[in-house]
Amino acid sequence: MLDGWRQERVLEIDAAERVRKAEMEAAEKIPRAYAGAVADLSQKLGQWLKGLYQAGHLNDTLVVLTSDHGEGLAENDPRGAGVRRAGHGGGLWEESTRIPL
């Protein structure tokens, strides 16, 4: 039987491992969800352009598309841990600077 301090430490390690595993499992879904959102937007943009064409307004319409840097999906994970975390604030990578605004 472990004394109180050791038992507490074992529980902390177990909890941290469960959190890490849950993060990894959830993070595997992030790139697919992001790609799905991009595909959905692309499909809706196509419908909108088709509507302009069918209404006879495509040739007299200027369409301007802009973007921000997108989501960081840990492509450049400095920890090398392979843990994907979506979001901002992880660093400024060259890929992020090549997005036309």
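Helices (DSSP runs of H or I, at least four residues) and strands (runs of E, at least two) are numbered from the N terminus. In this predicted model, local features need pLDDT of at least 70 and side-chain atom pairs count only at pLDDT 80 or more, whereas totals for chains, interfaces and linings use all residues. Residues are numbered from 1 along each chain as its sequence is written, and side-chain values use heavy atoms, with hydrogens and water left out.

The secondary structure of the protein consists of three helices and zero strands, arranged along the sequence in the pattern α-α-α. Of the 101 residues in the protein, 6% are buried, that is, under 20% relative accessible area, where exposed denotes over 50% and partly exposed the range in between (1.4 Å probe, protein chains only). The protein exposes about 8600 Å², of which carbon and sulfur atoms supply 58%; accessible areas come from the Shrake-Rupley method with a 1.4 Å probe, and for residues only the protein chains shown count as cover. Among contacts (heavy atoms within 4.5 Å) between residues at least 6 apart in sequence, 46% join residues at least 24 apart.

Side chains of opposite charge can pair when their charged atoms come close. One salt bridge is present in the structure, the term denoting a side-chain nitrogen of Lys or Arg within 4 Å of a carboxyl oxygen of Asp or Glu. It joins the side chains of lysine 44 and aspartate 40, with an N to O distance of 3.1 Å. Because the two residues lie four residues apart in helix α2 (residues 30-54), about one helical turn separates lysine 44 from aspartate 40. Lysine 44 is partly exposed, at 47% relative accessibility, and aspartate 40 is likewise partly exposed, with a relative accessible area of 36%.
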